[in-house]
Amino acid sequence: MGYITLLRLIFIVGAALVLALRQSRMTMMIILFIWNADYAMSVGIKSQNE
């Protein structure tokens with residue numbers, strides 16, 4: 001799986017979860033935290049591989 005594809009997948013899944021669960025503010029904060037942590041980890045893994 002390519003790096004760009006992975007980032008797009010992270011974005012699509014995160015956006016869908018935010019839209020689906022937007023009633024609860026705490027749930028939204030947890031999803032956004034996980035979304036950002038996943039993105040940061042994928043960037044970190046990519047930078048280590050270079």
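The paragraphs below walk through the fold of this protein chain, from its overall outline to individual residues.

The structure is a predicted model, in which local features need pLDDT of at least 70 and side-chain atom pairs count only at pLDDT 80 or more, while totals for chains, interfaces and linings use all residues. Residues are numbered from 1 along each chain as its sequence is written, and side-chain values use heavy atoms, with hydrogens and water left out.

The protein chain has two helices and zero strands, where helices (H or I, at least four residues) and strands (E, at least two) are DSSP runs numbered from the N terminus. Helix H1 covers 3-20 and helix H2 covers 25-49, with a loop between them in which Leu-21 is found. Along its principal axes, the C-alpha trace spans about 40 × 15 × 10 Å. The radius of gyration of the protein chain is 12 Å, whereas a compact globule of 50 residues would have a value near 10 Å; this radius is taken over C-alpha atoms, and the globule rule is 2.2 Å times the number of residues to the power 0.38.

How much of the protein chain counts as buried? Of its 50 residues, 14% do, with buried meaning under 20% relative accessible area, exposed meaning over 50%, and partly exposed lying in between (1.4 Å probe, protein chains only). The accessible surface comes to about 4,200 Å², of which 70% belongs to carbon and sulfur atoms; such areas come from the Shrake-Rupley method with a 1.4 Å probe, and for residues only the protein chains shown count as cover.

The largest nonpolar core consists of five residues, namely Leu-7, Ile-10, Val-18, Ile-31 and Trp-35, a core being a set of buried Ala, Val, Leu, Ile, Met, Phe, Trp, Tyr and Cys residues joined through side-chain atoms within 4.5 Å. H1 and H2 are the elements that give two or more residues to this core, and H1 gives the most, with three residues. Leaving aside its neighbours within four places in sequence, Trp-35 is in contact (heavy atoms within 4.5 Å) with Ile-10, Phe-11, Gly-14, Ala-15 and Val-18.

Next comes the surface. Leu-6, Leu-9, Val-13, Leu-17 and Leu-21 make a nonpolar surface patch of about 370 Å². Patches are made of residues with over 30% relative accessible area and no salt bridge, with like charges joined within 9 Å and nonpolar side chains (Val, Leu, Ile, Met, Phe, Trp, Tyr) within 5 Å; a salt bridge is a side-chain nitrogen of Lys or Arg within 4 Å of a carboxyl oxygen of Asp or Glu. Beyond its neighbours within four places in sequence, Leu-21 is in contact with Thr-27 and Ile-31, and the C-alpha atoms of Leu-21 and Ile-31, 10 residues apart along the chain, are separated by 9.0 Å.

Tyr-39 lies in helix H2 and is partly exposed, with a relative accessible area of 43%; Tyr-39 and Phe-11 are 28 residues apart in sequence and 8.7 Å apart in space, C-alpha to C-alpha. Met-26 is also found in helix H2 and is exposed because its relative accessible area is 53%, while Met-26 and Ile-45 are 19 residues apart in sequence and 28 Å apart in space, C-alpha to C-alpha.
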